[in-house]
Amino acid sequence: MATSFSPATSLRSILQPKQKPLISFRESYGGGVCAKCQPSRVSVCSWGSSSSYVSLQDGTAKLSCSGTLILPRRLLRKRGSIVRAATIEEIEAEKSLIEKDVKARMEKTIETMRTNFNSIRTGRANPAMLDKIEVEYYGSPVNLKTIAQISTPDASSLLVQPYDKSSLKAIEKAIVSSDLGLTPNNDGDVIRLTLPQLTSDRRKELSKVVAKQAEEGKVALRNIRRDALKAYEKLEKEKKLSQDNVKDLSSDLQKLTDEYMKKIDAVLKQKEKELLKV
């Protein structure tokens, strides 16, 4: 018997438990189907399942004598056209990639903000203050911490000891050219940096700088969320996700974004506390 599937009727509602049919996916129509089953066909105009996210359009499926509905795993051909039939595994893999990309990019945003905050000096010396210093070393820009050891002899000074003494002049030049506002003392072996006490006005000015960087971090998080939403909408247009699926995923995405927004606020609050501490 040939059963006609309506586009609005889900596969679950048609295949009732009492009928006990078996749904199977085959790589091709001819794989393991007996000659007796070949004449039995069922036309599939369109069917979908919100639980499996699988969608077929304008294709043809086979119904074997044992009640098995045989669908091609990857492609359906009809009148010379090819229709993509994504499997549950493929769609779940796409969703997983989107989620992993979102979390990785949001973590990177938080890490970048922390690095930027560390380069802004507070009342105490911190080797991380020099993290953004790049030195012209043998014709190539390299990070200072890769060619020198940086330590804090006391709370108000930094000691830069290069692995190659010939780089001392280049290191000194890079520090002077930076926006740290520090004057290096080069004794021919090491470079010493003394941190002057921050004035009240300078602390307030730096607080504004970190607040701006935190806002830039939040903008980056919103952009990441926007990109993920576009990816979900693309899956919906391809009939791989239903509208309800996208709605649920969007809600989860917003919760994740809010979580990382709170992380930014926490890092900002800690940095402001350090800046304003006398």
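Contact here means heavy atoms within 4.5 Å. By that criterion, and leaving aside residues up to four places away in sequence, Leu221 touches Met106, Thr109, Thr257, Tyr260, Met261 and Ile264. The model is predicted: local features need pLDDT of at least 70, side-chain atom pairs count only at pLDDT 80 or more, and totals for chains, interfaces and linings use all residues. Residues are numbered from 1 along each chain as its sequence is written, and side-chain values use heavy atoms, with hydrogens and water left out.

**Nonpolar cores**

- A nonpolar core is a set of buried Ala, Val, Leu, Ile, Met, Phe, Trp, Tyr and Cys residues joined through side-chain atoms within 4.5 Å; buried means under 20% relative accessible area (1.4 Å probe, protein chains only).
- The largest nonpolar core has 28 residues, and Leu221 is among those with the most contacts inside it, as are Val102, Met106, Phe117, Tyr232 and Leu241.
- At least two residues of this core come from each of α2 (88–118), α5 (200–237) and α6 (243–276); helices are DSSP runs of H or I, at least four residues, and strands are runs of E, at least two, numbered from the N terminus.
- α6 gives the most to this core, with 10 residues.
- A second, separate core has 20 residues, including Ala148, Val160, Leu168 and Ala174.

**Packing of α2 and α5**

- Residues making the contact include Val102, Met106 and Phe117 of α2 and Leu221 and Tyr232 of α5.

**Sheet and hairpin**

- Four strands form an open sheet in the order β9-β10-β12-β11, with antiparallel pairing; two strands pair if DSSP finds at least two bridges between them.
- β9 (148–154) and β11 (184–186) each have a single partner strand, so one side of each is left without a neighbour in the sheet.
- β10 (157–162) and β12 (191–194) pair over four bridges, and Val160 has Ile191 in β12 as its bridge partner.
- Helix α4 (168–177) packs on the sheet and touches β9, β10, β11 and β12.
- β7 (134–137) and β8 (140–143) also pair in the antiparallel sense over four bridges, and Val142 in β8 is the bridge partner of Val135.
- Two residues lie between β7 and β8 in this hairpin, and Tyr138 in the turn has a positive phi of about 55 degrees.

Technical notes. Buried < 20%, exposed > 50% of the residue type's maximum accessible area, 1.4 Å probe, protein only. Axes fitted to C-alpha atoms, helices over the stretch in contact; angles between N-to-C directions.
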